[in-house]
Amino acid sequence: MTSLNIGLIGTGFMGKAHAIALRSVATAFPEVSAPVLDCLVDSDIDKAGRLAKAWGFARASDDWLAVCSDESIGIVDICTPNHLHKDMALAAIAAGKHVYCEKPLALNSADAKLICQAAAEAGVQTSMGFNYACSPLITLAREMIAAGELGEIFSFRGSYFEDYMASPEVPFSWRCLRSQGGAGALADLGTHLLNMAEYLLGPIADVFGALDTRHHQRRDPPSGEMRDVENEDIAQVLLCFERGISGSMEISRVATGRKCGLCFEISGSKGSLVFDQERMNEIRFYAAGDATGRQGFRTILAGPQHPDYSAFCPAPGHGLGINDLKVIEVRNLLRAIETGTPVDEDFANGYRVQLLVDAIEKSAEQQQWLKVSSLGLDA
Ligand SMILES: NC(=O)c1ccc[n+]([C@@H]2O[C@H](COP(=O)([O-])OP(=O)(O)OC[C@H]3O[C@@H](n4cnc5c(N)ncnc54)[C@H](O)[C@@H]3O)[C@@H](O)[C@H]2O)c1
């Protein structure tokens, strides 16, 4: 396979994580060709130039549209605020590029569907930034559920708690605007949890959502004025999966003390699994039926027996981190380009998750259960 040139757009939190992953991928996974860090793009050209040098990119630009259609670019990687994903993805797809995009794919499911269809028609490979699903212990959980080790599944309880907006002093940003962030906690955090739930247990059929905003105004740094926050801080959701089991979720960006609390508990007739992303190298498993007085949850530590752990470390219990998950995500995309087989977390999946977000918002507005399929935009 020939190495593909990368055009990476956005140099914030995710831009850096993607740059690290793109640089490391062929070291961890020698079976893929190292991508070429060609052009780093940011609307702030000074920052793009400075970081292009620091991160090992050949050049810098502030013109994302030109980079999307640049003949030398093979993969466009989108790490910008949510409202920019649609135009950037559509421009890259129109120019025949493979596209790697941070979540959420778009601000609503109609736009996500448009992007998804354009990618399918162009025959390009796509990948979403649902990194938590790339974790070795999540792969294990999925295998255990599929193999029946939990028996008949009874329920799913999920939460994703962070506190990055818990303080009222956190300034107003694009994340507070419907036109730039879309939904609030649901877009930032809920998308990961919804993807995780479906990754483990299959499609969600019905939702009942409730949304709440705790801080209704925040100070806008440029003007110093208070501005209205247009989306939710907290979302609560009742769920029904197509396979007939029920579940619930709570998602919050104002959960004081929690930093990356993507958690779930899945209970079944033969056992249960408990996971917390803040302790991503551990999963707790309870096996029912031990009558010896020694029953209890046991902790399984991530190790080389769990794919793709050994690509990073030969010793169990030493632990991977979020940037390693990004490396796995990048390997998945490069492998998909090479083999023509889509990744699990592609744009179809990004659309699917956006459909769920829209359904939860609509259900909360109508204060009633909603069939996801009733949105009329079949995934
Ligand atoms: N997968 C994850 O775990 C995860 C975590 C955080 C953020 N995200 C997603 O990543 C995306 C970016 O979030 P972030 O936290 O990195 O944001 P950020 O604010 O840290 O960075 C955004 C970057 O985009 C640049 N930018 C803005 N407008 C631009 C334009 N027109 N052209 C070029 N560059 C432009 C900004 O200058 C900045 O460098 C969001 O969609 C967010 O939802 C995903």
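User: How many bridges join strand 11 to strand 12, and in which sense do the two strands run?
Analyst: This is a predicted model, in which local features need pLDDT of at least 70, side-chain atom pairs count only at pLDDT 80 or more, and totals for chains, interfaces and linings use all residues. Residues are numbered from 1 along each chain as its sequence is written. Strands (E, at least two residues) and helices (H or I, at least four) are DSSP runs, numbered from the N terminus, and two strands pair if DSSP finds at least two bridges between them. Strand 11 (residues 234–241) and strand 12 (residues 246–252) run antiparallel, joined by seven bridges.

User: What is the strand order of the open sheet of nine strands, and which strands are its edges?
Analyst: The pairing in this sheet is mixed, and the order is 16-15-14-13-7-12-11-8-17. Each edge strand pairs on one side only: these are strand 16 (298–301) and strand 17 (370–371).

User: What angle does helix 6 make with strand 14?
Analyst: Helix 6 (residues 136–146) packs on the sheet. Contact requires C-beta atoms, placed from the backbone, within 7 Å. Helix 6 touches strand 7 (153–161), strand 13 (261–268), strand 14 (271–276) and strand 15 (282–287), and its direction makes with that of strand 14 an angle of about 160°. Axes are lines fitted to C-alpha atoms, for helices over the stretch in contact, with angles running from 0 to 180 degrees between N-to-C directions.

User: Which strands does helix 10 touch, and what angle does its direction make with that of strand 8?
Analyst: Helix 10 (residues 347–366) also packs on the sheet. The strands touched are strand 8 (204–212), strand 11 and strand 17, and the angle with strand 8 is about 60°.

User: Which residue in strand 6 is the bridge partner of Cys101?
Analyst: Strand 5 and strand 6 pair in the parallel sense over three bridges. The partner of Cys101 in strand 6 is Met128.

User: What distance separates the centres of domain 1 and domain 2?
Analyst: An automatic or database domain assignment sets the bounds. Domain 1 is 5–131, and domain 2 is 132–345 + 353–365. Taken over C-alpha atoms, their centres are separated by 23 Å.

User: Which element gives the largest share of the side of domain 1 that touches domain 2?
Analyst: The contact takes 30 residues from domain 1 and 37 residues from domain 2. Helix 1, strand 5 (98–101), helix 5 (109–122) and strand 6 (126–128) each give two or more residues to the domain 1 side. The largest share, eight residues, comes from helix 1.

User: Which residues come nearest to the ligand?
Analyst: Helix 1 (residues 13–28) gives the largest share of the shell around the ligand, three residues. A residue counts as near if its C-beta atom, placed from the backbone, lies within 6 Å. Of the 22 residues around the ligand, the nearest are Gly10, Gly12, Phe13, Met14 and Glu102.

Definitions and conventions
Two residues are in contact if their C-beta atoms, placed from the backbone, lie within 7 Å.
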